[in-house]
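Here's a quick briefing on strands, a helix and some charged pairs. Have the model open while you read.

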Amino acid sequence: MKVEMNNIRKSFGNNDVLKDVSFSIQGGEICALLGENGAGKSTLMNILGGVVSADAGSIFIDGVEVDIHNPIHAMEAGIAFIHQELNLINDLPIYENMFLGREIKTKRGSLDLKKMYNKTTEIFKRMNIDLDPETMVGELDASYKQIVEICRAMMMNATLIIMDEPTTSLTDSEIERVFNMMRTLKEHDVGIIFISHKLNEVMEICNRYIVLRDGVLVAEGDVRNVSKRDLANYMVGFDVRTESLRRNRETSQTSQEILRVEDLSHPYYFRDIHLAINAGEIVGITGLLGDGRSELFQAIFGAEKYQSGRVYLNSKQIVIKNTYEAIENGIAYLPRNRKENAIIKDMNIMENASITTWPMFTKRGIINSRKHEETFEEHRKALRIKMGSITDSITSLSGGNQQKVVLAKWLAANPKVLILDNPTQGVDVGAKEDIYDIILQLAEEGIAIVVLSSEAQEIIRVCDRALVMYHGAIQGELNNEQMNEQTIMHLATGGGLGEEKGVHQI
Amino acid sequence: MKPILKPTIEQKTEMGKTTFLGWFKNKWSKDPLFSILIALMIMVVLQTITLGFDYGSFGEWLQAWTNNWINILRNNAGVGIVALGMTLVIMTGGIDLSVGSTLVITGAFAMYLLDTGAQGILGSVGITGIPAILLTIVLVLGFGYLLGALIGVSITKGMVPPFIATLGAMMIFRSVTQHFTQGYNTSVPAEFLQISSFKIGSFMIMPIVYWIIIAIILYYVSKRTTFGRQIIAVGSNEKAAKLSGVKVEKVKLRVYALMGLLVSVAAIIQVSRIGSMDFSNAGRGMEMDAIAAAVVGGTNMLGGRGFILGTVYGMLIIAVMNNLLNLFGVPPFLREAFKGVIVIVAVLLQRKEKTA
């Protein structure tokens, strides 16, 4: 099997999204499709998947030109597109999901559940998947859901599978499971196009790469011949910093303590948490999914309850009952999963950037729009937010710029403690650096900053010290010199600091 | 997912400046209220033409036209006010089915307070005349607010879904009212009737004035105040709103309380217009009329999007259509069907905006 896309062009209005892109992929290859947000990756794949039509160019499968105008054409041609938002129904069992929209029926017109069950078992066997087809999809974790979607594609004889950032919301062990699935597909001679921002994963699983930048294919080749740094440079078109950004600051240890937490416990999420953060310090909190770090800081922020323990701000004990009180006390929390937790899609950019400060910049309940606009303008410049008018919809912005707007809203609240939960999730390389710059600058200004992140690299590059959590407890603290990916992973998987390092390398 | 087609700046100005058609198209696709306003205008023109056939001179025609409009507006002022509150409730992602029953329970309360006979509560403690009327207004508004707040508490603290909480309240309020008002004959003091029947010039338009004032206040509240904007935030993405420091529970509670308050305003208008209230039938179907007006006016039933001005248009569209059907002599039983069609067509028309 060989799929070729030749001289593909596409523009939306005056915006040329793809300018003459050609590439090909063969069965048994895993090809990474890289590029910043807005580089044209999604459009290219939407053309191949039949979601949109190209303005010019042709697609060949095994040397025969094909016309793909809708997703059904694509499926018939053997191309399956696994979107980030999975198309599964949680309240149906796996085997019914496998036949969604293509149900097998008996002669009398009712569902032939037995046949559907058997076919599912068959495909699972072929793919080496150990899953009970009768399990409800809602009970599966995110990786198994991916796997069910892939199996569904395989059942329809897919020869090319497009995976759009499949690992974004997965834990490491889940990622490994999906990777194993991908290896199996490779053995079955299926081609995979893997869209991802995570270069570590690309290095691990892919054998080829192509890089798009501003609608042009700027690099392609064998993954063995490049480094992560090369790939990052291709993506942004200039030299990317990968060095540590940590400043050599002795002062942070002696400066004033802002936030202190003692004995904080929750029935499920976290227990016996002790920590203290000083003004101007950047503390990283990391661990694997399920470590309880988000819940811990949401509890400090008043969005989650805690069972016992004490929280001190500027050495004064505080009891925060809701998020509003947290903000009044100078605690800000930028949540993870921007789309679910931070973006209000029915409101415009300005409103999304000012929602936290409405009650503060107000006269008898009437919002002081001018003050908000002035404040936002200031932050827009500092954060280098690329946007049209402030009254445009928030969804008109790219992921990186959306995140910057969310950050701007917290800066407007003038926090003393800024908690950033996965601040660079779904953000392109350029915006990521902008966000790091702002974090460092805020620390200079004396704000106590907490960065929660599952990316060890992020912690190492940005933070002064790191706390690693494991199943709701702090497993260890690492200072400036001790921080490295191996040690962090060792602690995050439950290892102790003093032990010999039986490092779990991924 | 379809890609979002964004017109470039050049196209925008081109559309905006060159032709009327261009301006119209741009407005049609950008301003969600524009299509509603056009629909309303078409109906008003239709209605005006229909009326024009029956009268000889312009003066007579104008008088008939004005009277007809005053009638339409006055008859719909109560529901119109309730629909404004309903819009805010729906914008938070909720619904209030209890409005019709809240109308009768607050109406009954008003009448018990005012009654000039032996059962009159205020009369029996020696408060009569203007003080009694003023006190009644305050107490009835407070009662409506309290009932709304109770519903709000059951929704926020009790985590009862709005549909269920207000369905329950709908049954309770009417049933209780009917039980306690069996064989009750009212005599509301004449001064109280002035609330609705006071004439400005030769026009009896007080209910319309109340409607307009409330619409202006709520328009301003929804656009410019923290409370108004937080309603949208809560309805659009409750989790994000909570994590942005919005007191979600407080916002919801206040919205239902405000709803109760507005219903009690409608109750006062109704009691003061007629001097009595039919407790078993008054306000039946009011919730559906209010929801229909909000939906025709562009409010999204899933929350997050709604327009006070749109609801006023929506109410007028439904009212003018009723009037037209009346003028055309359409049999009464068929009129509900037209209302149903209007609601569905309105949502069909608005669907394009959601995808754009």
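In E5 of chain A, A:Val64 is the bridge partner of A:Ile61. Three bridges hold strand E4 (residues 56-61) of chain A and E5(A) together, and the two run antiparallel. Keep in mind that this is a predicted model: local features need pLDDT of at least 70, side-chain atom pairs count only at pLDDT 80 or more, and totals for chains, interfaces and linings use all residues. As for bookkeeping, residues are numbered from 1 along each chain as its sequence is written, chains are lettered from A and ligands numbered from 1 in the order in which they are written, and side-chain values use heavy atoms, with hydrogens and water left out.

**The open sheet and its helix**

- Chain A has an open sheet of four strands in the order E2-E1-E4-E5, with antiparallel pairing; two strands pair if DSSP finds at least two bridges between them.
- Strand E2 (15-26) and strand E5 (64-66) of chain A are the edge strands, each pairing on one side only.
- Neighbouring strands of this sheet are turned by 25° against each other on average, direction ignored; axes are lines fitted to C-alpha atoms, for helices over the stretch in contact, and angles run from 0 to 180 degrees between N-to-C directions.
- Helix H1 (residues 41-48) of chain A lies across strand E1 (2-12), E2 and E4 of chain A, and runs at about 120° to E1(A); contact here means heavy atoms within 4.5 Å.
- Helices (H or I, at least four residues) and strands (E, at least two) are DSSP runs, numbered from the N terminus.

**A buried strand**

- All six of the six residues of strand E13 (residues 282-287) of chain A are buried, so the strand is largely enclosed by the rest of the structure; buried means under 20% relative accessible area, exposed over 50%, and partly exposed in between (1.4 Å probe, protein chains only).
- Both faces of E13(A) are covered, with A:Ile282, A:Gly284 and A:Thr286 buried on one side and A:Val283, A:Ile285 and A:Gly287 buried on the other.
- In a regular strand the side chains alternate between the two faces of the sheet.
- E13(A) runs parallel to strand E20 (residues 448-452) of chain A, joined by four bridges, and A:Gly284 stands opposite A:Val451 in E20(A).
- E13(A) also runs parallel to strand E21 (residues 465-470) of chain A, this time with five bridges, and A:Val283 stands opposite A:Arg465 in E21(A).

**Salt bridges**

- The count over all chains is 30 salt bridges, each being a side-chain nitrogen of Lys or Arg within 4 Å of a carboxyl oxygen of Asp or Glu.
- A:Arg260 and A:Glu257 form one of them, with their closest N and O atoms 2.7 Å apart; A:Arg260 is partly exposed at 23% relative accessibility, and A:Glu257 is partly exposed at 24%.
- A:Asp263 and A:Arg310 meet in another, at 3.7 Å from N to O.
- That pair links distant parts of the chain, 47 residues apart: A:Asp263 sits in strand E11 (residues 257-265) and A:Arg310 in strand E14 (residues 308-313), both of chain A.
- A:Glu377 and A:Lys381 also meet in a salt bridge (3.9 Å, N to O); they are four residues apart in helix H14 (residues 369-383) of chain A, so about one helical turn separates them.
- A:Glu377 is partly exposed, with a relative accessible area of 29%, whereas A:Lys381 is exposed at 57%.
- Salt bridges that share partners join A:Glu257, A:Arg260, A:Glu262, A:Asp263 and A:Arg310 into one network.
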